[in-house]
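Work through the following exercises with the sequence and structure at hand. Each task is followed by a solution in steps.

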Amino acid sequence: MFNKQQQQRQHFAMSTYNFDYLDELEAEAIHILREVAGQFEKPALLFSGGKDSITLVRLAEKAFRPGKFPFPLVHIDTGHNFEETITYRDQMVERIGEKLIIGSVQESIDQGKVVEQTGKNASRNALQTVTLLDTIAKYQFDACIGGARRDEEKARAKERIFSVRDEFGQWDPKRQRPELWNIYNGKIHKGENIRVFPISNWTELDVWNYIRREKIDLPSIYFSHERDCITRNGQLMAASPFLNMDSEDIVERKQVRFRTVGDMSCTAAVESDATLIDDIISEISASKISERGARMDDKVSEAAMEDRKKGGYF
Amino acid sequence: MNILKFFTAGSVDDGKSTLIGRLLYDTDSILADQLEALQSSNRKNDDGSIDLAILTDGLRAEREQGITIDVAYKYFQTEKRKFIIADTPGHIQYTRNMVTGASTANLAIILIDARNGVVEQTIRHSYIVSLLGIKHVVVCINKMDMVDYSETVYSAIIEKYKVLAQQLKLADVTYIPVSALKGDNIVQNSGNMDWYEGESLLHFLEKVDTDNLDKSQLARMPVQWVIRPQTEELHDYRGYAGRVLSGTFNLNDKVTVLPSGASSTVEKIEFFDQTPDAAHAGQSVIIHLKDDVDISRGDTIVNASALPQESKLIEADLCWMDSRALDTSIMYNIQHNSKITRCKISEILHKVDINTLEKHAAHEFKLNDIGRVIIKTADALAFDLYDDNRANGSAILVDTRTNLTVGALMFRAAVE
């Protein structure tokens, strides 16, 4: 399967018209990005430094080069990021020459808008919703492009590509607009905004295959490396000052990589020797655990994601 | 490898969610942690086995009520193909959600309960399939285990369905007897129905012609965005960005820009770092023209030798999707590809009773009503008939008071 796809990489150069599944997903995403450019006054691309938003940046290059992006990148920085992610972010912004806006969760805490969680499983994941909504209000963004995919989680499977949020950032699954053919209705009232998900129809494996095909660089934490970890609730967490650790936590050196990149306090590592993209793809293909299986935040209840999205979470 | 997009139609008790769950389960597409979550949920079948239906009901309200309210999209792949399933609700009050799911599908699976045969819902679902011009239909006669896997029952149902298919002009219909609950003929051929000589559902889905993109030769590209870097070295750069809806644009093709009618020639096609000789249906590209013509978002570049229709008066099928009824006295926005303009419904020709397929004179359209109207637009639209070109023959209506998408339109004729 993968060899065949590699052979098809030169699709445009081939005499016969060969539209592979990655080409189709890519063309759809580019179309969606251009609709955002055409329909909104002040869009933004939410950039987390993870593989999905990195993929979005490549798609935006394909949609708008040699022009500039018609939107800035916006990073909601929890302050608990992996250092490698921030380094990657800054180098990438430098390379593409686009504007980066940072919304800081630390600032929201300092301003007293949110309160740091306490306890062993404290995380800033929930706090970032407030910072996100503040950032949207501050810059008056009317559309926020994000890298969420419908295969990630069952509530996301229900979400439209253009997803309307009210002035409180809330998603109401019962009031979704019908979304027909490839026509996206971006009309909103002042104060509302639309979350746009150009890679809704991609799966985790599609993203990896695309990254391989496009030879896109990723933060090093996606690849196998040695790291001090502790085991908590059955998950491997990176030992860091951001994790509330006590004498019961045993720090062990492990060969790990991360399958998804978020806040250090809620993103679990997997043990892995995968140092190349090919290894990662084989590993994911064989894996019996979903990507979200490594996110503590989804394990709170059966409707955890749905509830967070109703509250304005991405 | 390519993608097949399909949707499933069937009412609540026909086992639609179970069928999808079975497809995912038997193709090993459900991961261990998801399976664990399933096992720990309280919904079990009578025999204690996992209730596969809850895999697709992603919302709290759906799990509470045990029904599907909104479309869910599911993904799986085999060695041969990738699949995108739009899991749509079967209830009549969710007709609009079924239309939503069907609008992007190339194949429909219609479930029939073997114990009940062709019922009103079957007619309704089949009508929507025909209205939306879906090329392939698979009729799954489900719950064969409940009728002792009887060939006689199966044959009687398909004889009846064939009459309906003819009436609705469904060209390509395939019949498969299945039990989603037991897994008969879903992924593997069943030993319980030796009389059935066809393929399993999955095998059929793996090899059916996808026809994802309109094969019509009508070259159409609505302009979404004009790329003008306006830098020193790219001072004169002017590229028209869009997705080719249908047909092919080759270098040096003569083109017409609508609505202005200006003529030009394709000078260059760009795709990121590549400059291909042609842009085909489905591809998102940048086109450069030889002449300096005035083009902006909402315009359409078309092949000069195969022009679309242009009209401000269009006969169309309308599916009404809002709880507020159609108001023929007000203006709506019509969105046709990248073009948005004002419009009014100037006449309601008829409404269709989608349970009996009878046409009635009507003065109003309420939620989930489907019928034929004449629409009058402020600016002329450059369109093709839906049957010739799905992508350029469809549009949506937006209520400017609420900004909601209130109608789906399929263009049937230009009114002279």
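**Exercise 1.** State the accessible surface of chain A and the share of it that belongs to carbon and sulfur atoms.

Solution. The accessible surface of chain A is about 12,100 Å², and carbon and sulfur atoms hold 48% of that area. Accessible areas come from the Shrake-Rupley method with a 1.4 Å probe, and for residues only the protein chains shown count as cover.

This is a predicted model, in which local features need pLDDT of at least 70 and side-chain atom pairs pLDDT 80 or more, while totals for chains, interfaces and linings use all residues. Residues are numbered from 1 along each chain as its sequence is written, chains are lettered from A and ligands numbered from 1 in the order written, and side-chain values use heavy atoms, without hydrogens and water.

**Exercise 2.** Find what percentage of the residues of chain A count as buried, and how many helices and strands chain A has.

Solution. Step one: chain A has 314 residues, and 64% of them count as buried (under 20% relative accessible area; over 50% is exposed, and partly exposed lies in between; 1.4 Å probe, protein chains only). Step two: there are 9 helices and 10 strands in chain A (DSSP runs numbered from the N terminus: helices are H or I with at least four residues, strands E with at least two).

**Exercise 3.** Decide whether B:Thr256 is buried or exposed, and list its contacts.

Solution. First, B:Thr256 belongs to strand S11 (residues 254-258) of chain B. Next, its relative accessible area is 8%, so B:Thr256 is buried. Last, beyond neighbours within four places in sequence, B:Thr256 has contacts (heavy atoms within 4.5 Å) with residues including B:Gly261, B:Thr300, B:Val302 and B:Leu307.

**Exercise 4.** Explain why helix H4 of chain B is described as largely enclosed.

Solution. Helix H4 covers residues 95-103 of chain B, and 8 of its 9 residues are buried, so the rest of the structure largely encloses it. Among the buried residues are B:Thr95, B:Met98, B:Val99 and B:Ser103.

**Exercise 5.** Locate A:Glu107 and give its distance from A:Thr129.

Solution. A:Glu107 sits in helix H5 (residues 105-110) of chain A. With a relative accessible area of 47%, A:Glu107 is partly exposed. A:Thr129 is 22 residues away in sequence, and the C-alpha to C-alpha distance is 13 Å.

**Exercise 6.** Place B:Glu199 in chain B and name residues that it touches.

Solution. B:Glu199 lies in the loop between strand S6 (172-177) and helix H7 (201-207) of chain B. Leaving out residues up to four places away in sequence, B:Glu199 touches B:Ile176, B:Asn189, B:Phe204 and B:Lys207.
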